[in-house]
Amino acid sequence: ESGSTGEQPQQQQQSPVSVAASSAILLGAVIGLLEVLFVCLGAKGALGLWGVTSGASGDMYMPALDFLRVRAFGAPVQVLMLTLQGVFRGLQDARTPLQCSLASNFLNILLAPVLIFWAGWGVKGAAAAIVIAQALPTLYLLHALSKRVQLQLTSKETLVQLTKLAGPSVWLMIRSLGSTWTYAFATATVARAGAMHAAAHQVCFQLWMATTLTADAVAVAVQSLLARSIAQGDVPSSRRLVERCLTVGVGMGLIMALAVGTFRHALARIFTTDPFVLSLIASVMPMLVITQPINALAFVADGALFGVGGFKFASVSMAMAALPSLALIAYGSSQVDHAALVFVWLGLGLLMSVRAVSILAAYLLKRGPFRELSLPSDMGDRGNGKRGWVLSWGQSRLKLL
């Protein structure tokens with residue numbers, strides 16, 4: 001049997017993998033359809049959360065509503081694309097989803113001007129371009145996966161596995177809602193401060209996410225490798241993996257902080273030349289620089305947390321981080337001019353800081369989902385109190401250096 005499979009490395013894999021992939025795809029399709037229903041029924045309310053209303057934001061309201069409604073019908077495609085990317089990463093294949101992501105971005109760049117200007121669809125064309133650009137790579141991912149895994153969308157085993165996935169998925173949705181609500185509240189706060197504040201905030205937010213998402217590559221790697229290492233029962237290797245990835249993540253964050261700090265003026269002028277908007281961006285640029293290593297640490301820590309199956313813990317930690325962040329952003333809504341934007345970004349920085357510290361503390365103490373990474377020697381360290389685990393952590397840092 002081994003000889004026959006050796007000649008066909010891409011042959012369909014065993015049933016447990018097939019069932020897991022099938023149930024993930026089925027769950028993604030269901031969530032995508034629910035998103036269509038939610039957005040179509042609540043599009044106006046959703047825009048209100050971002051501070052876009054028919055009264056105060058009349059010029060923006062109808063284009064935003066048109067974009068959101070067209071984009072809503074692409075929700076199942078987007079969710080399926082993300083789900084399939086996760087399946088491929090679980091199969092230790094990061095190249096295929098990367099190629100499809102690049103293809104999707106390239107198609108979007110080609111289609112957007114055609115549909116917006118040549119076809120005359122305006123913002124609807126921008127939304128349609130995104131949907132089409134995501135649909136084609138998604139079809140390719142499904143085709144490629146079907147060659148490697150026998151998809152069983154309607155089998156009894158798939159439906160049973162679907163119920164098992166529902167629990168972690170609900171916790172992850174709660175976690176996503178916590179971060180999304182915080183970002184939405186921040187955007188709504190600056191939108192009420194004025195168009196200039198909203199423009200400055202969007203420039204800063206795009207720079208913030210573009211730089212910190214570089215750590216997502218490390219987060220994906222640690223999640224996949226850690227899950228496999230734990231399944232093999234190799235706790236020492238699992239701990240070394242987490243610590244090295246955390247170190248790499250912080251290093252990447254420091255490099256990004258240096259890059260953003262060095263080129264901050266040039267980066268801002270890529271998006272705008274308005275003097276007042278530039279002054280608003282300059283007022284929050286120090287926070288963008290300072291939070292780079294914090295954000296990278298939070299992303300990588302999230303990856304380690306998902307690798308040990310800490311989905312409930314992720315939701316709780318996000319709620320803990322969101323509450324003080326929302327309070328600080330709400331205080332910023334009472335400020336004027338630059339201070340309003342500064343407090344909003346202090347709130348976003350606090351969100352990432354509390355998120356990173358809560359997960360890192362659980363790892364250092366080997367509490368919650370990180371109990372799986374405990375060694376017998378850890379019990380002796382705990383007996384010595386804080387000094388024990390601090391000494392153990394310091395020794396592991398010296399070994400890495």
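This is a predicted model: local features need pLDDT of at least 70, side-chain atom pairs count only at pLDDT 80 or more; totals for chains, interfaces and linings use all residues.
**Whole chain.** Show the protein chain as a cartoon. Its secondary structure comes to 16 helices and zero strands. Now colour by burial. Of the 401 residues, 41% count as buried. The accessible area comes to about 20,600 Å², and carbon and sulfur atoms account for 68% of that. Contacts come next. Among those with a separation of 6 or more, 79% join residues 24 or more positions apart.

**Largest nonpolar core.** Select W208, I281, L288, W345 and F370. This core has 56 residues, and these five touch the most other members. Then select the helices around them. Those that give two or more residues to the core are α7 (156-193), α8 (195-212), α9 (216-231), α10 (235-262), α12 (275-307), α13 (311-332) and α14 (337-365). Which element gives the largest share? It is α12, with 17 residues.

**W208.** Zoom in on W208. Leaving out residues up to four places away in sequence, W208 touches Y183, L288, T291, Q292, N295, W345, L348 and M352.

**Second core.** Select A24, I25, L80 and C100. They are among the 14 residues of a second, separate core.

Go to helix α6 (residues 123-148), where L136 is found. Is L136 buried or partly exposed? Its relative accessible area is 47%, so L136 counts as partly exposed. Together with L136 they form a nonpolar patch on the surface, with about 280 Å² of accessible area between the three. In soluble globular proteins, nonpolar side chains tend to be buried together.

Methods
Residues are numbered from 1 along each chain as its sequence is written. Side-chain values use heavy atoms; hydrogens and water are left out. Patches are made of residues with over 30% relative accessible area and no salt bridge: like charges are joined within 9 Å, nonpolar side chains (Val, Leu, Ile, Met, Phe, Trp, Tyr) within 5 Å. Accessible areas come from the Shrake-Rupley method with a 1.4 Å probe; for residues, only the protein chains shown count as cover. A salt bridge is a side-chain nitrogen of Lys or Arg within 4 Å of a carboxyl oxygen of Asp or Glu. Helices (H or I, at least four residues) and strands (E, at least two) are DSSP runs, numbered from the N terminus. Buried means under 20% relative accessible area, exposed over 50%, partly exposed in between (1.4 Å probe, protein chains only). Contact means heavy atoms within 4.5 Å. A nonpolar core is a set of buried Ala, Val, Leu, Ile, Met, Phe, Trp, Tyr and Cys residues joined through side-chain atoms within 4.5 Å.
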